[in-house]
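User: I'd like to go through this model with you and check each label against its rule. Could you show me the structure?

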Amino acid sequence: IETLVFGPKAFHSAESYVLSLFQLYPNVYFHKTTRAAEKLFTALLTHLIQLVRDDAGDKTGLPSNHPMRRFAADPTSLSNTLALDDTVFWGALPMLAEATDPRISACAEVLRARLLPKCIDIRRRVEERISIKRGMSTEDRAKREAEILLACKEIYRKIEELPEAKEAGKPRILLDETRRSPYKKQDSEGPLNQILIRQGESNILDMANISSVVAGAQSFEVCRVYAFPGDTQAQDAVENIIRTKVEGMGNG
């Protein structure tokens, strides 16, 4: 299989690239404000596409020839996809805010006014309860991580069942659960997704087999809920679920 292979002199540059990704995930890509806007945009776009497919496109507030409606009607068309960019979306917000569909109008108005929902970080709350102890072994850390993941999933599932998470109008609760590794070893994705380094004349190794730093880089886990300011009912419902679970756990 043809793929890109770096020479030995590029090793440190490649290693720095992976480590910079490790820093970008928590600070940029998965920042709570960025993710809140993305989740809200996803809720708007998903509902818009569904309306168009249900022959209810007029409820979106957009004219029939608008690029977003054309894309929703046929997302497989390359020309429809290429017609979308930031200016198309931001320019559509005033029309979307006037939509007769309550979910579309609510999402658009919140995005236009930059009144983004506030983050309730489930994982951070669980991590604070199961604290790291000095001198913990690798096995102890793995057990701690497994306990954190299990608790987060239990909380997440209960929040998904809340009435506030299922209402058809303005989203009251947005859930966010994801996992991203800064680097995946060769056996998981294939050579086109790897950084390969040539060692000597014919020896080609995966980056993770050379760099202990890259091999040991942990995945970045996100388990959050976003609730809108002023919606104390939704916030209290979420907080009650988290508090009940966390207080029932042993303090590590």
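**Labels and their cut-offs**

User: Why is arginine 112 called partly exposed?

Analyst: Its relative accessible area is 37%. Buried means under 20%, exposed over 50%, and partly exposed in between (1.4 Å probe, protein chains only), so the label follows. This is a predicted model: local features need pLDDT of at least 70, side-chain atom pairs count only at pLDDT 80 or more, and totals for chains, interfaces and linings use all residues. Residues are numbered from 1 along each chain as its sequence is written, and side-chain values use heavy atoms, leaving out hydrogens and water.

User: What is the pLDDT like along the protein chain?

Analyst: The average is 88, and 94% of the residues score at least 70; pLDDT is the predictor's confidence in each residue, from 0 to 100. Where pLDDT is low, the predicted coordinates should not be read in detail.

User: What makes glutamate 109 and arginine 112 a salt bridge?

Analyst: Their closest N and O atoms are 2.9 Å apart. The rule asks for a side-chain nitrogen of Lys or Arg within 4 Å of a carboxyl oxygen of Asp or Glu, so the pair qualifies. The two are three residues apart in helix H6 (residues 102-113), which separates them by about one helical turn. Here, helices (H or I, at least four residues) and strands (E, at least two) are DSSP runs, numbered from the N terminus. Glutamate 109, at 34% relative accessible area, is partly exposed too.

User: Which other salt bridge can you show me that links distant parts of the chain?

Analyst: Glutamate 177 pairs with lysine 153, with the closest N and O atoms 3.7 Å apart. Glutamate 177 is in strand S3 (residues 173-180) and lysine 153 in helix H8, 24 residues apart. Glutamate 177 counts as partly exposed at 36%, and lysine 153 does at 41%. By this rule the count of salt bridges comes to 15.

User: How do you know which residues of helix H7 share a side?

Analyst: In H7 (residues 122-129), Ile122, Arg123 and Val126 are buried. They cover an arc of only 95° around the axis, so they sit on the same side of H7; the arc is that of the directions from the helix axis to the C-beta atoms. Their cover includes strand S2 (118-121), helix H8 (138-160), strand S6 (220-227) and helix H12 (232-247). Leucine 149 of helix H8 touches Arg123 and Glu221, not counting residues up to four places away in sequence, where contact means heavy atoms within 4.5 Å.
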